[in-house]
Amino acid sequence: MNYVPGTASLIDDIDNVASCLPQTGSIVTDYNKHLVLLRDGRTLIGYLRSIDQFANLVFHQTVERIHVGKKFGDIPRGIFIVRGENVVLLGEIDVEKPCDTVLQQVSIEEILEEQRLQQQTKQETEKVKMQVLKDRGLSIPKADNLDEY
């Protein structure tokens with residue numbers, strides 16, 4: 001593997017630590033890509049390198065895939081550590097299976113702009129809904145306050 005000069009390889013460090021501490025987790029040695037869906041809605045694609053009993057994951061050569069409508073973009077993230085409680089779905093990607101979807105890959109800048117516009121539209125729609133409910137005498141607590149308990 002080629003690494004940027006002057007940087008340490010986390011993968012090599014994980015191999016060394018795992019050999020010294022056998023009950024901390026297992027190093028995954030297959031070279032298949034995996035997809036993980038996180039609790040916050042993000043989708044990560046990369047090579048699964050380590051997993052432990054709490055479903056904590058270490059991914060290598062990770063990209064974050066953003067979907068907006070029929071478009072998608074991949075943002076390179078490198079080595080990515082995921083805490084197990086944030087994992088919703090983990091699966092292996094079959095790269096040999098032909099892709100039958102009609103998604104268009106676009107640049108990072110374009111997909112981020114599309115995502116920003118989509119979020120802005122969603123916020124405006126939510127604001128209108130809240131105003132209609134307020135006009136009718138109803139109030140719904142914000143989702144941010146629900147996690148405090």
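The following questions and answers cover the fold, cores, pocket, salt bridges and backbone of a predicted model.

Residues are numbered from 1 along each chain as its sequence is written, and side-chain values use heavy atoms, with hydrogens and water left out. In this predicted model, local features need pLDDT of at least 70 and side-chain atom pairs count only at pLDDT 80 or more, while totals for chains, interfaces and linings use all residues.

User: In what order do the elements of the chain run from the N terminus on?
Analyst: Helices (H or I, at least four residues) and strands (E, at least two) are DSSP runs, numbered from the N terminus. The chain has three helices and seven strands. Their order is α-β-β-β-β-β-β-β-α-α.

User: What percentage of the contacts in the chain with a separation of 6 or more comes from residues 24 or more positions apart?
Analyst: A contact means heavy atoms within 4.5 Å. Among contacts with a separation of 6 or more, the share from residues 24 or more positions apart is 49%.

User: What percentage of the residues in the chain is buried?
Analyst: Buried means under 20% relative accessible area, exposed means over 50%, and partly exposed lies in between (1.4 Å probe, protein chains only). The chain has 149 residues, and the buried share is 22%.

User: Which residues make up the largest nonpolar core?
Analyst: A nonpolar core is a set of buried Ala, Val, Leu, Ile, Met, Phe, Trp, Tyr and Cys residues joined through side-chain atoms within 4.5 Å. In soluble globular proteins, nonpolar side chains tend to be buried together. Eight residues form the largest core here: Val 36, Leu 38, Leu 44, Leu 48, Leu 57, Phe 59, Phe 80 and Val 82.

User: Which elements give two or more residues to this core?
Analyst: The core has eight residues in all, Val 36 and Val 82 among them. The elements giving two or more are strand E2 (33–38), E3, E4 and strand E5 (71–82).

User: Which residues does Val 82 touch, not counting residues up to four places away in sequence?
Analyst: Val 82 belongs to the largest nonpolar core. With residues up to four places away in sequence left out, Val 82 touches Leu 38, Leu 44, Ala 55, Asn 56, Leu 57, Phe 59 and Val 87.

User: How much space lies in the largest pocket?
Analyst: On a 1 Å grid over the protein atoms alone, a pocket is an open set of points where a 1.4 Å probe fits, with protein on both sides within 12 Å along at least five of seven lines; lining residues have an atom within 4 Å of a point. Grid points are joined across faces, edges and corners, and a volume is the space filled by probe spheres set on the points. For the largest pocket the value is about 490 Å³.

User: Which lining residues lie nearest the centre of the largest pocket?
Analyst: Strand E3 (43–51), strand E4 (57–68) and strand E6 (87–92) each give two or more residues to the lining. By class, the lining has eight nonpolar, four polar and five charged residues. Of the 17 lining residues, those nearest the centre are Arg 65, Ile 93, Asp 94, Cys 99 and Thr 101.

User: How far apart are the closest N and O atoms of Glu 64 and Arg 77?
Analyst: A salt bridge is a side-chain nitrogen of Lys or Arg within 4 Å of a carboxyl oxygen of Asp or Glu. Glu 64 in strand E4 and Arg 77 in strand E5 are 13 residues apart. Glu 64 is buried at 8% relative accessible area, whereas Arg 77 is partly exposed at 40%. The closest N and O atoms of this salt bridge are 2.8 Å apart.

User: Which residues are linked with Lys 71 in a network of salt bridges?
Analyst: Lys 71 lies in strand E5 and is partly exposed at 22% relative accessibility. The C-alpha atoms of Lys 71 and Ile 111, 40 residues apart along the chain, are separated by 7.4 Å. The network links Lys 71 with Glu 110 and Glu 114.

User: What is the phi of Ala 55?
Analyst: Ala 55 lies in the loop between E3 and E4 and is partly exposed at 28% relative accessibility. Its phi is positive in a residue other than glycine, near 65°.

Conventions: Ala, Val, Leu, Ile, Met, Phe, Trp, Tyr, Cys and Pro count as nonpolar, Asp, Glu, Lys and Arg as charged, and the others, Gly among them, as polar.
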